[in-house]
Amino acid sequence: MRRIFIAGNWKMHLEGRQAAELARQVARQAEDCPGIDVAVAPVFTAIVPVVEALAGSPVMVAGQNCHWEEKGAFTGEVAAEMLAAAGCRLVIIGHSERRQYFGETDETVGRKLQAALRAGLLPIVCLGESLEQRDAGQTLDVVGRQLEAVLAVFPSEQASRLTIAYEPVWAIGTGRTATAGQAQEVHTFIRQRLADKFGPDPAGQVRIQYGGSVKPGNAAELLSQPDIDGALVGGASLQADSFGAIMRAAESQGA
Ligand code: PGA
């Protein structure tokens, strides 16, 4: 009942023309994958060229971040409403790189999440533990705490609009992927927490992506897990071939 959702997080790569070219290639590959949802997240300055390149395609565009206010004296920030006006359907919130390098906290994640809802954007909220936390046996505590900040502000009647991305920090950009079993364990825990808060039906509508070194070679196994509903892909989303192979792996799971 949950459509598999594959999103490419392009991070701080690809200026407008390069991004538009890759978007066109992704759109072509998406024609072979009608059973899944696909999105790409370019840098802010490439959003408009990418939206234009994707005109007529079901591939959606996501912002990589947003501010919680609608406008004001916040130099260097971009409002959720501005992303929506530029053609974004989604926004990534609380990516671990933002938590790690830009001081994002559970509190700012909650505020940004509310801003996304206010702007009509579909949020992808990222959660995940560091290697030290995993080694100390704190994975579920950490993820549970991060999730609490989401559940505190998210209305259950909008559950089908929510995507959670579980991204263990030690697996991001390292080539080290969580095993399908490790990921499924955390996804099950997230689903249970969602059910405790929203009730089983709304919780069953929330898509939980896995992220962290997803590649063509491991996508099928990860996506075969019952609570892994998609992937947030960094490095492998920067090449049409590898992103397309992940999309096709997802399409064959969804079929
Ligand atoms: P990666 O990044 O696929 O390069 O590990 C994933 C992410 O940070 O979303």
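1. The sulfur of Cys126 is 12 Å from the closest cysteine sulfur, that of Cys66, which is too far for a bond. A disulfide here is a pair of cysteine sulfur atoms within 2.5 Å, and the structure holds zero disulfides. Cys126 is buried, at 1% relative accessibility; buried means under 20% relative accessible area, exposed over 50%, and partly exposed in between, with a 1.4 Å probe and protein chains only. Cys33 also counts as buried, at 3%.

2. On provenance, this is a predicted model, in which local features need pLDDT of at least 70 and side-chain atom pairs count only at pLDDT 80 or more, while totals for chains, interfaces and linings use all residues. Residues are numbered from 1 along each chain as its sequence is written, and side-chain values use heavy atoms, with hydrogens and water left out.

3. Rings of Phe, Tyr and Trp (its six-membered ring) are paired if their centres lie within 6.5 Å; planes under 30 degrees apart are stacked, over 60 edge-to-face, and the rest tilted. The count by this rule is three aromatic pairs. One of them joins Tyr101 and Phe102 edge-to-face, at 6.4 Å centre to centre and 85° between the planes. Tyr101 is exposed at 56% relative accessible area, and Phe102 is exposed at 54%.

4. Phe154 and Phe198 form a tilted pair, because their ring centres are 6.3 Å apart and their planes stand at 50°. Phe154 sits in the loop between helix H7 (139-151) and strand E6 (163-166), and Phe198 in helix H8 (residues 180-198), so the pair ties together parts 44 residues apart in sequence. Helices (H or I, at least four residues) and strands (E, at least two) are DSSP runs numbered from the N terminus. Phe154 is buried at 3% relative accessibility, and Phe198 is buried at 9%.

5. A ligand oxygen is 2.7 Å from a side-chain N or O atom of Glu167. An oxygen atom of the ligand is also 2.7 Å from a polar backbone atom of Gly173, and a backbone N or O atom of Gly234 is 2.8 Å from a ligand oxygen. Taken alone the ligand exposes 280 Å², of which the protein buries 96%; accessible areas come from the Shrake-Rupley method with a 1.4 Å probe.

Note on methods: A polar contact is a pair of N or O atoms within 3.5 Å; within protein, one must be able to donate a hydrogen and the other to accept it, and residues adjacent in sequence count only if both atoms are side-chain atoms.
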